[in-house]
Amino acid sequence: MRGRYRLSGLCSPLPVLILVQISSSSTMWSRRQRRLRPLSCGVEELRCRRREREAALRKARREQQLVSKRLLRDEDPEKAEGYVAVILGEAEIQQFLRLAQRGTEEKEREKALVSLRRGLQHPETQQAFIRLEGSIRTLVGLLTSNQALLQLEAARCLHELSHSEQSTVAEACLPATSYLLTYLSGHSSDFISPHLTVLEALGYALSQLLQAKEAPEKIIPSVLGSPLPQHMLQLLQPGPKLNLGVAVEFAWCLHYIICSQVNNALLITHGALSTLGLLLLDLAGAVQRTEDAGLELVGEELACPVLRCLSNLLTEAAVEAVGEQMQLRDERVVAALFILLQFFLQKQPSLLPEGLWLLNNLTANSPSFCTSLLSLDLIEPLLQLLSVSNVVSVLVLTVVCNIAEKGPAYCQRLWPGPLLPSLLDTLAFSDTEVVGQSLELLQLLFLYQPGAVQAFLQQSGLQALQRHEEVAQLQDRVRALQQTAQHG
Amino acid sequence: MQLPPALHARLAGAPGEAEPLPVERDPAAGTTPFRFAARQVRFPREHEFFEDGDVQRHLYLQDVLTQVAGDPERPRVPEFTCQVAGCCQVFDALEDFEHHYHTLHRNVCSFCKRAFPSGHLLDTHILEWHDSLFQILAERQDMYQCLVEGCTEKFRTSRDRKEHLVTRHLYPADFRFDKPRKSKGPATPGPAVQVSAEALGGDQVPSEGDAMEVCFEHTELPPEPSGERRTYGHRIPSTICFGQGASRGFKSTKKRNKHQ
């Protein structure tokens with residue numbers, strides 16, 4: 001191509017070796033190289049510790065404290081760093097910054113940034129940094145350095161700064177974000193580049209900012225008024241340039257923006273639905289491929305925010321107003337979702353409700369998607385999820401109700417098959433919500449499907465109903481069904 | 001959970017929506033005591049529905065940040081040199097070389113040898129600097145495209161564009177577009193990293209009226225107190241050397257001059 005140099009043309013052996021290295025490391029979907037600390041405890045203890053961490057986080061979330069930055073710092077007594085974060089003053093920070101930028105020796109410059117980064121682990125240093133004029137600007141310069149190590153250390157400094165309890169840091173970075181994204185996104189993912197690490201750090205910093213209490217009033221409107229949403233969506237486009245770590249951070253950013261419901265219509269006009277839909281397809285494809293190879297997948301980190309964004313966006317009235325291109329109508333999305341549901345069932349069951357939530361939002365008002373579920377033979381797999389948990393069961397039954405409520409043509413395709421036996425099973429549950437949803441579905445079947453009542457009676461349906469006659473939330477519906485069954 | 005085999009084929013197949021079956025509702029459906037109505041659901045941020053996913057996200061972050069805070073070991077290789085003509089940067093880790101190559105050699109203009117951080121910016125540069133048709137068109141219409149992807153603004157001059165970048169997209173005000181090549185030194189064969197004012201020994205005060213080129217080079221820390229003249233010079237990273245020219249290039253470290 002005119003005007004460009006290409007990698008070809010190098011003839012000495014070493015660069016060839018490098019080329020081989022590059023191509024083998026470009027599988028985006030394989031688990032990242034994790035440099036683990038040597039473990040001094042067993043696997044069981046790790047699991048136990050993880051459960052404790054989870055419990056602590058749940059508690060924190062209920063108390064609305066999950067955003068608190070200090071929880072991100074795992075107070076791990078085994079941390080073998082061997083030093084304590086030192087408080088640095090403005091003068092020292094400035095000195096380190098100057099050294100980092102102007103030092104003559106590479107190692108010297110690196111060391112200066114490392115010292116700065118360590119200092120930044122302390123909140124007082126963070127505040128001093130923010131107060132120092134020009135510090136963010138210098139950091140921005142280092143984040144785009146053409147020296148890999150400096151760039152990486154600068155990214156780590158940014159990480160540390162993102163933990164500042166004050167949102168002033170992330171706010172200070174916000175103006176530079178467009179600039180940084182332009183600079184950093186232009187790379188090719190063939191190379192392992194600190195650009196990606198910086199991008200990821202930036203996404204992370206932004207995600208922290210977007211969770212601030214005042215975000216919906218102050219920060220999100222200005223983010224939406226900038227080209228940032230388009231940048232973010234670009235970073236989520238599936239294809240050879242997609243980087244998992246980067247995509248995860250920006251997907252979460254999008255989620256925080258969307259669930260704050262400031263101006264989702266704008267995102268829809270930028271094509272968010274189609275971008276995220278394509279990304280979902282891509283994720284499902286990757287799940288299929290790696291399951292064969294038995295490789296571990298970190299895709300669930302990306303799946304969660306993508307599912308949430310799609311589900312919430314679908315509820316916007318604006319969806320109807322945009323052209324077909326911008327909507328989500330492709331039935332491959334349903335196929336992708338089921339592939340992901342199967343994956344979640346094995347690897348990450350806590351994501352099943354989120355996946356089913358999307359399925360609900362896809363099917364509720366769409367005869368087309370309901371038809372897809374029928375024609376793709378997905379009812380039986382769906383019903384197989386019924387025994388997972390109460391929450392999952394309610395959602396599964398709700399989706400089937402979405403289909404059944406569209407009338408006889410739909411109920412006919414739900415019948416016969418495993419539906420009735422499954423319903424009789426769920427009627428044996430003790431959870432009121434599960435039973436309640438089963439009753440709703442039964443009413444629809446009785447109404448629209450000839451033969452449903454007889455089959456129900458033949459399979460001892462009345463006995464199944466009986467046990468709930470005294471339950472307050474259920475009794476009226478139970479009686480109504482009993483009447484229909486007995487008197488037609 | 002058993003998925004029908006045809007599903008995987010469907011995923012790989014063409015986009016399309018299913019032709020919907022006819023919808024026919026009975027008014028009795030969902031009436032008292034029943035209450036079902038098909039309905040999309042939205043959840044706001046703090047909803048407890050998100051608890052599980054939020055907790056997983058947090059655990060992921062804790063893991064990631066632990067890695068970030070630790071100092072990773074970097075695999076070292078025997079020292080080697082960048083093979084690009086005129087560049088004698090030395091490396092002992094592959095990541096560093098890749099990064100170096102990518103930022104300084106990959107997107108290089110074959111006309112003027114300037115290096116750009118991305119293909120997009122290189123293309124923009126070629127269009128604006130080496131395409132005579134562009135110049136002709138630019139006389140009559142706004143041709144200078146905003147650099148920020150997603151912004152469709154175009155401008156009459158590159159100075160106007162820079163103004164826009166600074167005011168609208170909050171680019172740093174002292175963000176540098178490189179000056180055109182008016183340097184007094186001999187043409188450098190290596191990557192077109194700009195030479196500092198001191199090295200050329202000349203007066204390198206930029207003139208804002210010059211057409212600007214698209215390149216990402218950054219200034220120093222905040223300017224010294226206003227009495228002092230601002231150094232608009234661009235640093236050479238100290239380990240890059242030129243075939244001839246800039247005196248700074250010969251500051252010695254033991255890594256240098258391995259490949260001459």
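Predicted model: local features only at pLDDT ≥ 70, side-chain atom pairs only at ≥ 80, totals over all residues.

Visitor: Why is the pair W252(A) and Y256(A) called tilted?
Guide: Their ring centres sit 5.9 Å apart, and the cut-off for a pair is within 6.5 Å. The planes meet at 35°; stacked would need under 30 degrees and edge-to-face over 60.

Visitor: Where do W252(A) and Y256(A) lie?
Guide: Both are in helix α12 of chain A, 4 residues apart, which is about one turn of the helix. W252(A) is buried, and Y256(A) is too.

Visitor: What makes F446(A) and F456(A) edge-to-face?
Guide: Here the planes stand at 70°, and over 60 counts as edge-to-face. F446(A) and F456(A) are both buried.

Visitor: Why do you say this pair ties parts of the chain together?
Guide: Because F446(A) belongs to helix α24 (residues 432–448) of chain A and F456(A) to helix α25 (residues 452–458) of chain A, the pair links parts 10 residues apart in sequence.

Visitor: How many aromatic pairs are there over all chains?
Guide: The structure has 11. There's also an aromatic cluster made of W357(A), F43(B), F49(B) and F50(B).

Visitor: How do you know which side of α10(A) the buried residues are on?
Guide: The buried residues of helix α10 (residues 215–224) of chain A are A215(A), I219(A), I220(A), V223(A) and L224(A). They span an arc of only 130° around the axis, so they share the same side of α10(A). On the other side, E217(A) and K218(A) are exposed.

Visitor: Which residues have the most contacts inside the largest nonpolar core?
Guide: L116(A), F338(A), L373(A) and L382(A), in a core of 190 residues. Helix α12 (residues 244–259) of chain A supplies the largest share, 12 residues. A second, separate core has 7 residues, including C87(B), F91(B), L94(B) and Y101(B).

Visitor: What does L382(A) touch?
Guide: Leaving out residues up to four places away in sequence, L382(A) touches F338(A), L356(A), L359(A), L373(A), V396(A), V399(A) and V400(A).

Visitor: Which element gives the most to the lining of the second largest pocket?
Guide: That's α21(A), with 7 residues. The space in that pocket is about 1,100 Å³.

Methods
Residues numbered from 1 in each chain as written. Chains lettered and ligands numbered in written order. Heavy atoms only, no water. Core = buried A, V, L, I, M, F, W, Y, C linked by side-chain atoms within 4.5 Å. Buried < 20%, exposed > 50% of the residue type's maximum accessible area, 1.4 Å probe, protein only. Helix = DSSP H or I, 4+ residues; strand = E, 2+ residues; numbered from the N terminus. Contact = heavy atoms within 4.5 Å. Arc of directions from axis to C-beta. Phe/Tyr/Trp six-rings, centres within 6.5 Å; stacked < 30°, edge-to-face > 60°. 1 Å grid on protein atoms, 1.4 Å probe; cavity = no way out; pocket = protein on both sides within 12 Å on 5 of 7 lines; lining within 4 Å. Points joined across faces, edges and corners; volume = space filled by probe spheres on them.
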